[in-house]
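Trainee: Could you take me through a close look at the salt bridges of this model, and at how they sit within the fold?

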Amino acid sequence: MVRVMARRRVRFTFPEQLITEPLIYNLGRKFEIVTNIRRANVQERVGWVVLELEGDEDEIERGLEWMIAAGVRVDPITGDLIEG
């Protein structure tokens with residue numbers, strides 16, 4: 001079986017009830033994905049984070065589906081990501 005390694009940039013937006021849940025940590029552990037946080041803004045009522053995910057392409061896809069099922073909004077990032 002050939003594993004296709006991938007790198008994908010996404011933005012997660014968390015609703016208020018999920019702000020304090022360790023979803024990014026669990027995503028990395030459960031699906032063996034490296035989660036590199038590039039930007040984040042977390043407040044009491046809403047939070048978002050821009051991540052670069054690295055790992056097996058199928059596992060990244062499964063992980064994103066898992067995040068959506070948990071109630072997180074997932075948006076792809078296209079183009080260059082400027083850190084700052």
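Mentor: Helices (H or I, at least four residues) and strands (E, at least two) are DSSP runs, numbered from the N terminus. This is a predicted model, in which local features need pLDDT of at least 70 and side-chain atom pairs count only at pLDDT 80 or more, while totals for chains, interfaces and linings use all residues. Residues are numbered from 1 along each chain as its sequence is written, and side-chain values use heavy atoms, with hydrogens and water left out. The protein chain has two helices and four strands, arranged along the sequence as β-α-β-β-α-β.

A salt bridge is a side-chain nitrogen of Lys or Arg within 4 Å of a carboxyl oxygen of Asp or Glu, and the whole structure contains seven of them. One of these joins Glu16 to Arg45, with 3.7 Å between the closest N and O atoms; Glu16 lies in the loop between strand S1 (5–14) and helix H1 (23–31) and Arg45 in the loop between strand S2 (34–42) and strand S3 (47–56), so the pair ties together parts that are 29 residues apart in sequence.

Another links Arg38 with Glu52, the closest N and O atoms being 3.3 Å apart; Arg38 lies in strand S2 and Glu52 in strand S3, so this pair ties together parts that are 14 residues apart in sequence. Glu52 counts as buried at 10% relative accessibility, whereas Arg38 is partly exposed at 29% (buried means under 20% relative accessible area, exposed over 50%, partly exposed in between, with a 1.4 Å probe and protein chains only). Both residues also belong to a network of salt bridges that links Arg7, Arg38, Glu52 and Glu54.
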